[in-house]
Amino acid sequence: MSRTQDVVEDVQRLILDGGLRPGDRLPAEKELAAELGVSRGSLREGVRALVVLGILEARHGDGTYVTDLDPASLLAPVAFLADLPGDHSPLHAVRATLETEAAGLAALHMTDAHVARARASLDDMARALVTARPDPARMAAADLAFHRAVADGSGNAVLSALLDALAGEHARRRIWDDLHELAAARTFEQHDAVLAAITSRDPDRARLRMAMHMVAVEDLLATTSTDGPSPRRRNGLPEPAPTR
């Protein structure tokens, strides 16, 4: 395992030092193993680990390449942390800080296309609210679409990828399964207020509105958790992570 870790670190170093660049093909296995001073078996294990991490890509019959090192791919493992059972208040605090800054940046950089995406998500949520019992899957999808539009509109790809990892589709759906109808109406109103501040190109107000929304989410989840055991808890399943 230590030799495999050595391979991982050595290849990462080659990338950081510029010896390998995004899109580059790795040298032949025998050549690279000799360069790194490891066995070919250790090299293969290290390459497999780097593929899992999204740093390398194995192309059947064509060798192994450095990926484009897209932040979304590299940060994907963070989503596993958000899905683990337990106290997620520290994760929510991190997400709240990032969401707030994303809203402020969006007020400065959000394009018409991003605004259209955010408005479309509000329209989807409004249509879902007309029903007697809003469908959790539909609400989760609209909720995710809104926050993704704002994060993408921030103009910071790393920030957007971090937020998607902390509160992506799976984690968000788990939470909406346990939230009641009142949460849907409140979320719609808060999203609408955030978007109004963004389209007014007022970063301070956008940050304030998003911060208020995140506090409301935290309070709502805390209230939900004290109302008694949810169906998940009664069935022996882990409670959803508070990272909506």
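Methionine 110 is in contact (heavy atoms within 4.5 Å) with Leu105, Val115, Ala118, Ala149, Val150, Gly153, Ile198 and Arg201, leaving aside its neighbours within four places in sequence. A second, separate nonpolar core of 17 residues includes Val11, Leu14, Leu20 and Leu56. A nonpolar core is a set of buried Ala, Val, Leu, Ile, Met, Phe, Trp, Tyr and Cys residues joined through side-chain atoms within 4.5 Å, and buried means under 20% relative accessible area, with a 1.4 Å probe and protein chains only.

The model is predicted: local features need pLDDT of at least 70 and side-chain atom pairs count only at pLDDT 80 or more, while totals for chains, interfaces and linings use all residues. Residues are numbered from 1 along each chain as its sequence is written, and side-chain values use heavy atoms, with hydrogens and water left out.

The largest nonpolar core has 18 residues, of which Met110, Ala118, Phe146, Val150, Ile198, Ala206 and Met210 touch the most other members. At least two residues of this core come from each of α6 (89–109), α7, α8 (136–153), α11 (181–199) and α12 (203–225). In soluble globular proteins, nonpolar side chains tend to be buried together.

Histidine 114 lies in helix α7 (residues 112–129); helices are DSSP runs of H or I with at least four residues, and strands are runs of E with at least two, numbered from the N terminus. Histidine 114 counts as buried because its relative accessibility is 17%. Beyond residues up to four places away in sequence, histidine 114 touches Ala149, Asp152 and Gly153.

Overall, the protein chain has 13 helices and two strands, and 41% of its 244 residues count as buried.

How values were computed: Buried < 20%, exposed > 50% of the residue type's maximum accessible area, 1.4 Å probe, protein only.
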